[in-house]
Amino acid sequence: MLEIRTFGGLSLELDGERVSPLGSHKAEAIAVYLAVEGGRHPRSVVAAKLWPDSNTSNSQTALRVTLSLLRKSLLEYLLIDRETIGFSPQAGIWLDTDELERHLEEGHLDDALALYRGDFLEGFRVHGSLPFEDWCVWQQERYHRLVVDALHKAIAQAAAAGTYARGRDLALRLLELDPLDEVGHRQQMQLLALDGQRS
């Protein structure tokens, strides 16, 4: 099974063993993009996202070279033809972004927080690939907001249920993620007041 972890940085494991760098950041970027977006993608779209400043011929050549690096490690997981690339839907892939969303939908906040070790692809950069960088920023903001909104809701539920210690722990986690979150600060003060710690 291929495991892809994106929160707090990028980590790829194949059958429990860390996959050594795939040969280039762009190869890793393609793997993450295909996994997170799912489905098949036109080669031209992927090439434009990773090599936006190259002409079509050069970007397609660069993509072919990079795909050869991916094939060396992930051949059984990939579907590559002349027009499209993607991960096989039958391949066993575990992706932390999918797991995080599933845990949040099922109300398993602690499990989601255990996965959320930092921003999406934190510290991972692909130079000269502004469209990919923009996609990363959008994903970072999306998952950050999902977690923050879930924390706000859980803190409010803890206050209503009288489980103030739980609420304070969640508020602390929220403020670690977003120290400027005004709602989180108000929730923390409210919980302290409800728990008799007005000072």
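In the hairpin of β2 and β3, which has two residues between the strands, D15 takes a positive phi near 55 degrees. The structure is a predicted model, in which local features need pLDDT of at least 70 and side-chain atom pairs count only at pLDDT 80 or more, while totals for chains, interfaces and linings use all residues. Residues are numbered from 1 along each chain as its sequence is written, and side-chain values use heavy atoms, with hydrogens and water left out.

Strands (E, at least two residues) and helices (H or I, at least four) are DSSP runs, numbered from the N terminus; two strands pair if DSSP finds at least two bridges between them. β2 and β3 (residues 17-18) run antiparallel, joined by two bridges, and E13 stands opposite R18 in β3. On its other pairing, β2 (residues 11-14) meets β1 (residues 2-5) in the antiparallel sense over four bridges, with L12 as the bridge partner of I4. Five residues lie between the strands of this hairpin, where G8 takes a positive phi near 85 degrees.

Just after α6, G162 adopts a positive phi of about 80 degrees.

F120 makes contact (heavy atoms within 4.5 Å) with residues including F7, V36, W135 and Y143, leaving aside residues up to four places away in sequence.
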